[in-house]
Each structure stands twice: as C-alpha cells, then as structure tokens.
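Me: Hey, I've just opened this one for the first time. Can you walk me through a few spots?

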Amino acid sequence: MNILVINCGSSSLKYQLINMNNEDVLASGLVERIGIEGSVLTQKVEGRDKYIVETPMENHNVAIKLVLDALIDEKNGVIKSMDEIKAVGHRIVHGGEKYTKSAIVTEEVINDIREASKLAPLHNPAHIMGIEACQKLMPSVPMVVVFDTAFHQTMPEKAFMYGLPYELYEKHHIRKYGFHGTSHKYVSAKVAEVMGKDIKDLKIVTCHLGNGSSVSAVKDGKCYDTSMGFTPLEGLVMGTRCGNIDPTVVTFLINELNYTASEVDTLMNKQSGVYGISGVSSDFRDIEAAAKEGNKRAQLALDMFRYRVSQYIGSYAASMGGIDVVVFTAGVGENSASERETICENLGFMGIELDKEKNKVRGEIAEISTANSKVKVFIIPTNEELMIAKDTLALIK
C-alpha cells in the first residue's frame with residue numbers, strides 16, 4: 001500500500017511516497033524557497049539521478065501540483081497514475097486543544113484547521129492548500145492529518161501555562177502548545193536507539209533548526225518543555241519570525257506608531273527574524289554567504305540565532321537537572337556545520353566538546369562530539385514522514 005506524505009513548511013515542502021508493506025521510500029522530494037526567488041523541486045529515487053525542476057512557485061498550490069506531476073512523470077516518476085496512491089498523510093502544525101491525536105480529513109476537520117490558522121498563520125493556510133490540492137486531484141483517496149502539537153501534551157502545567165489570569169486558559173485555552181512535535185518525537189527516539197539506550201533513561205535536548213526552529217526538552221521519553229508556545233511565533237529567532245520579545249513592543253507599535261493588530265501580526269510573523277535583521281533573506285544559506293562577504297547585519301542575524309539556541313539548551317539543562325545528549329535536526333540542524341559548531345562552542349562550560357572533523361557531515365546520522373565530551377552531540381535526520389505515514393495507515397484501516 002502506497003501512502004503519500006505531504007509535509008508543508010512556511011517556505012518549503014517535503015514529501016515521500018512510502019510503500020507501507022515494507023516501509024520502503026519509493027520517492028522522496030524537497031521543494032525549496034516557495035514564494036522566494038530561486039524555487040526548486042528535487043526528487044530522489046534510489047538508483048537514479050536526481051530529478052530537478054527549477055521554476056517559479058508562488059505558493060503551495062503550485063508546489064503540490066509539481067510534486068504530483070513528478071511522481072507520475074513518464075521518465076522520472078515511480079507510479080503510473082494517482083490510482084496507485086491509497087492515502088495521503090498531511091502534517092498539520094496547530095490543532096489547538098481539540099486535537100491531541102491524528103484524524104481522518106473531513107470538512108469539519110478542515111474548518112477546525114482553518115480556525116486554528118489564527119494560531120499558526122504561516123502554516124495552517126498552507127496545509128489547507130495542500131489538502132485541497134490533493135483532494136482536487138485525488139478526490140476518492142482518503143486523507144489523514146497528523147498534528148505537531150500532540151507530542152507536547154505531556155508538558156507539566158508549570159511548563160505550558162502562562163502567567164496570565166487563569167480564566168484566559170479556562171475560557172480561551174491560552175497556553176503553550178509547542179510545535180514540530182512529530183520531528184522531536186522521532187529524533188529523540190532515534191538517538192536513544194542509536195546510542196543503545198532506553199529513552200526513559202535519557203535527558204535529551206532536540207534542536208529542530210530550519211526556517212522555523214524550536215528546541216525541546218525530552219525527559220523519560222516525554223516532552224517536558226519546548227520553545228514554541230501558543231503559536232509557532234514564540235521562542236527562537238527564526239526565518240521570518242521574531243521569537244521572544246517583550247509583549248509591550250506590541251502595544252508600543254499599536255499606540256505609538258499606529259500599527260493595526262493585523263499589521264503587527266504580519267510584522268512579527270513574516271517580516272522579522274533573521275530576514276528582518278539581515279535584510280538579506282530568510283534562508284540561512286543566503287545569510288551565511290552574505291556574512292562571509294562582510295555583511296554585518298547578516299552576521300548579527302546569525303549571532304542572534306546561535307545565541308538563542310544556546311540559551312534554550314542551557315535552560316533545559318536546568319529544567320531537567322542535566323543533559324545526556326543534544327540532537328541537531330531539520331534543514332539547518334542537519335546541514336550547517338558552522339551553526340552546530342558555534343552553538344556548541346557557547347556550551348563548552350557544560351562539558352560539550354565538538355569534534356570538528358566529525359562535524360563535517362550533512363544529512364546523516366552521526367555522533368559529532370569527542371570521546372571525552374560529557375554531553376553527547378548527534379545529528380539525526382528527522383523522519384516526520386514515516387511517522388505520519390504510520391498514523392495514516394492506522395487510521396484508514
């Protein structure tokens with residue numbers, strides 16, 4: 001049984017077509033820089049050359065259509081028609097408190113995802129476009145949504161509650177939810193497996209670093225705390241998101257600079273982060289290139305990002321009473337040796353020692369700390385797609 005997994009990010013889209021009879025990946029692909037100049041689709045099939053499509057992609061609708069075309073392409077595809085896809089699993093960032101488990105797609109579910117878009121304005125609308133594009137092209141194929149918020153439901157109240165009047169939580173469910181949960185769940189379990197340890201015996205910090213970034217504390221195999229909050233805006237400085245700021249900045253923008261609430265939302269979600277600081281791009285590769293050429297704002301953006309990641313790792317050491325292993329994953333975490341190196345250098349006081357030679361790796365499972373490092377450091381490529389496919393298969397059966 002073939003299941004197509006669609007994993008939409010704010011400016012990227014990953015996909016895999018998986019044969020669930022043996023969990024073999026028939027094809028995998030990455031669409032990068034959606035809505036940014038230089039959009040490209042790269043599809044990989046084992047034993048073949050990469051299939052690359054470079055064309056403008058103004059939104060996720062266009063990207064999804066190109067993905068489906070690539071899968072059935074006469075020369076480069078892996079199936080003859082969409083009929084060979086028996087189900088589609090979609091990653092959904094925010095399900096609010098209503099969805100703590102995966103669900104089969106219905107109109108009600110789509111409407112709930114749309115309603116939750118006010119909590120995840122960069123992602124949920126893209127997810128809906130992905131679902132609706134697939135429904136249009138494969139109207140009889142069942143679809144499942146897997147929510148990023150589910151893994152973080154084990155956080156204790158002291159971690160997920162805000163210091164606001166309790167009635168706001170009771171009536172409006174204002175609390176920390178956390179995101180990238182499928183990724184944090186996968187890599188924390190995988191690193192325990194690689195280390196030959198029981199995950200319940202480990203204190204793990206997982207760093208999902210990309211255009212959207214978050215850090216999670218995993219204790220006894222469960223999420224104990226995470227950097228993202230009520231929405232994916234809280235936490236680290238990200239691609240276009242500001243991360244943690246003094247809340248009074250919002251009232252200042254409204255009262256003193258005459259911003260509307262909508263304009264503030266756009267500013268913080270789409271015009272800030274490393275893009276707003278650097279003035280170059282939301283793509284870390286572009287920013288790193290600019291910094292190497294002497295762009296001081298680009299260097300500042302990188303410094304701020306690295307500083308915040310190091311801060312969270314240190315704070316979670318305090319929260320959990322120590323750390324056994326730090327895991328880097330996602331686009332930046334898996335592929336940027338310079339980001340990993342600088343972040344770990346900031347944490348030398350904790351006994352973290354990075355092996356610079358071992359760190360010269362991209363997208364592979366690897367231990368990159370020295371033999372003497374008191375805290376182990378690993379790269380674990382995330383596999384949210386397989387976890388989504390498993391949930392999808394379980395639900396459609």
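Predicted model: local features only at pLDDT ≥ 70, side-chain atom pairs only at ≥ 80, totals over all residues.

Me: Where is H123 found?

Reply: H123 is in the loop between helix 2 (107-115) and helix 3 (124-137).

Me: And is H123 buried or exposed?

Reply: H123 counts as buried, at 5% relative accessibility.

Me: OK, switching to cysteines. How many disulfides are there?

Reply: A search of the whole structure finds 0. Take C242: the closest cysteine sulfur, in C207, is 20 Å from its own, too far for a bond. C344 is in no disulfide either, and the nearest cysteine sulfur to it, that of C207, is 8.2 Å away. A disulfide would need the two sulfurs within 2.5 Å.

Me: Now the rings. How many aromatic pairs does the count come to?

Reply: It comes to 6 aromatic pairs. In one of them, F160 and Y169 have ring centres 6.1 Å apart and planes at 45°, so that pair is tilted. Y312 and Y316 are tilted too, with centres 5.8 Å apart and planes at 50°.

Me: Where do Y312 and Y316 lie?

Reply: Both are in helix 11 (residues 296-320), 4 residues apart, which is about one turn of the helix. Y312 and Y316 are both buried.

Me: Which residues do ring pairs link into a cluster?

Reply: F160, Y166 and Y169.

Me: Last one: what sits over the ring of Y177?

Reply: The charged end of R175, 4.9 Å from the ring centre. Likewise, the charged end of K219 sits over the ring of Y224, 5.2 Å from its centre.

Key. Residues numbered from 1 in each chain as written. Heavy atoms only, no water. Helix = DSSP H or I, 4+ residues; strand = E, 2+ residues; numbered from the N terminus. Buried < 20%, exposed > 50% of the residue type's maximum accessible area, 1.4 Å probe, protein only. Phe/Tyr/Trp six-rings, centres within 6.5 Å; stacked < 30°, edge-to-face > 60°. Lys NZ or Arg CZ within 6 Å of the ring centre and 35° of its normal.
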